[in-house]
Amino acid sequence: MNIFITATNTNIGKTYASKLLIKEFSKQGYKVGVYKPIETGFNKIEETDSFALLKEAKKYNKNINDLTIDDICPYQFKLPSAPIVAKNNTPILKEKLLSSLEKIKELCDIVIIEGAGGLFVPIEKDFFMIDLIKLFQAKTLLVSHSGLGSINDSILSKNALRDMDYLFCINLFREKESFREITYPYYQAINEDVLFLEEDISAIASKISL
Ligand code: GTP
Ligand code: MG
């Protein structure tokens with residue numbers, strides 16, 4: 001099973017969510033693998049998402065001991081920008097994206113795939129982050145932040161995903177103290193039971209792996 005972690009923007013908590021899910025699924029007995037198909041701002045290896053994800057997954061899954069950063073991140077670019085800019089003239093090949101994922105899948109029950117930025121980050125002129133989800137036939141976890149503006153950000157991303165299989169959660173981290181007063185009343189008004197990334201991680205893992 002492929003689970004794609006996306007967010008309303010960059011720096012919202014995709015890597016944080018991915019690490020929580022690796023731990024939770026591993027606790028439940030699954031062999032978990034990780035995949036970061038494209039990473040930009042890739043300079044010091046130890047500071048990359050790919051490094052953090054692989055390190056976390058290796059704690060629990062011996063099958064992936066021999067996988068390297070290059071295996072779990074086939075496209076690495078130095079510039080911290082959208083892939084379409086960072087890649088310069090390098091073509092992003094769907095065959096390569098899929099074959100790299102296949103190699104990981106063979107060693108795992110679940111692959112946690114971390115996107116870059118949000119859903120409409122461009123990869124090629126006519127290919128966006130959201131298209132990777134379709135290419136990988138993945139279920140989606142959409143992570144939103146908890147600060148002012150998160151309602152609008154969440155609705156925009158949910159709209160983009162409306163025909164797809166996704167689960168929504170909030171990373172209660174930014175403006176944590178004011179969230180209950182500033183943002184939560186909206187969810188009460190629309191009768192939506194919000195899942196919170198950290199406290200509801202086991203429910204999130206169960207619902208997304210159904
Ligand atoms: P990009 O991959 O760069 O787009 O960011 P991201 O969406 O993966 O965000 P990331 O998980 O790296 O979180 C951004 C920063 O906030 C990191 O320094 C995290 O450690 C921190 N952070 C995010 N969520 C939490 C949280 O719930 N608790 C704590 N303690 N730190 C968090
Ligand atoms: Mg990240």
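This is a predicted model: local features need pLDDT of at least 70, side-chain atom pairs count only at pLDDT 80 or more; totals for chains, interfaces and linings use all residues.
View 1. The lining of the largest pocket comprises 26 residues, and Thr 10, Asn 11, Ile 12, Gly 13 and Lys 14 lie nearest the pocket centre. Helix 1 (14–27) and strand 3 (38–40) are the elements that give two or more residues to this lining. Helix 1 gives the most, with three residues. By class, the lining divides into eight nonpolar, 11 polar and seven charged residues. Here Ala, Val, Leu, Ile, Met, Phe, Trp, Tyr, Cys and Pro count as nonpolar, Asp, Glu, Lys and Arg as charged, and the others, Gly among them, as polar. The pocket holds about 490 Å³ of space. A pocket is an open set of points on a 1 Å grid over the protein atoms alone, where a 1.4 Å probe fits, with protein on both sides within 12 Å along at least five of seven lines; lining residues have an atom within 4 Å of a point. Its volume is the space filled by probe spheres set on the points, which are joined across faces, edges and corners.

**View 2. Strand 8 (residues 139–144) and its burial.** Six of the six residues of strand 8 are buried, so the strand is largely enclosed by the rest of the structure. Buried means under 20% relative accessible area (1.4 Å probe, protein chains only). In a regular strand, side chains alternate between the two faces of the sheet. Lys 139, Leu 141 and Val 143 are buried on one side of strand 8; Thr 140, Leu 142 and Ser 144 are buried on the other. Strands (E, at least two residues) and helices (H or I, at least four) are DSSP runs, numbered from the N terminus.

**View 3. Neighbours of strand 8.** Strand 1 (residues 2–7) runs parallel to strand 8, joined by five bridges. Ile 3 has Lys 139 as its bridge partner. Strand 9 (residues 166–170) is also parallel to strand 8, again through five bridges. There, Leu 141 stands opposite Leu 167. Two strands pair if DSSP finds at least two bridges between them.

**View 4. Cysteines without disulfides.** The disulfide count is zero, taking a disulfide as a pair of cysteine sulfur atoms within 2.5 Å. The sulfur of Cys 108 is 16 Å from the closest cysteine sulfur, in Cys 73, too far for a bond. Cys 108 is buried at 12% relative accessible area. Cys 169 is buried at 0%.

**Notes.** Residues are numbered from 1 along each chain as its sequence is written, chains are lettered from A and ligands numbered from 1 in the order in which they are written. Local features need pLDDT of at least 70, side-chain atom pairs count only at pLDDT 80 or more, and totals for chains, interfaces and linings use all residues; side-chain values use heavy atoms, with hydrogens and water left out.

Note on methods. Buried means under 20% relative accessible area, exposed over 50%, partly exposed in between (1.4 Å probe, protein chains only).
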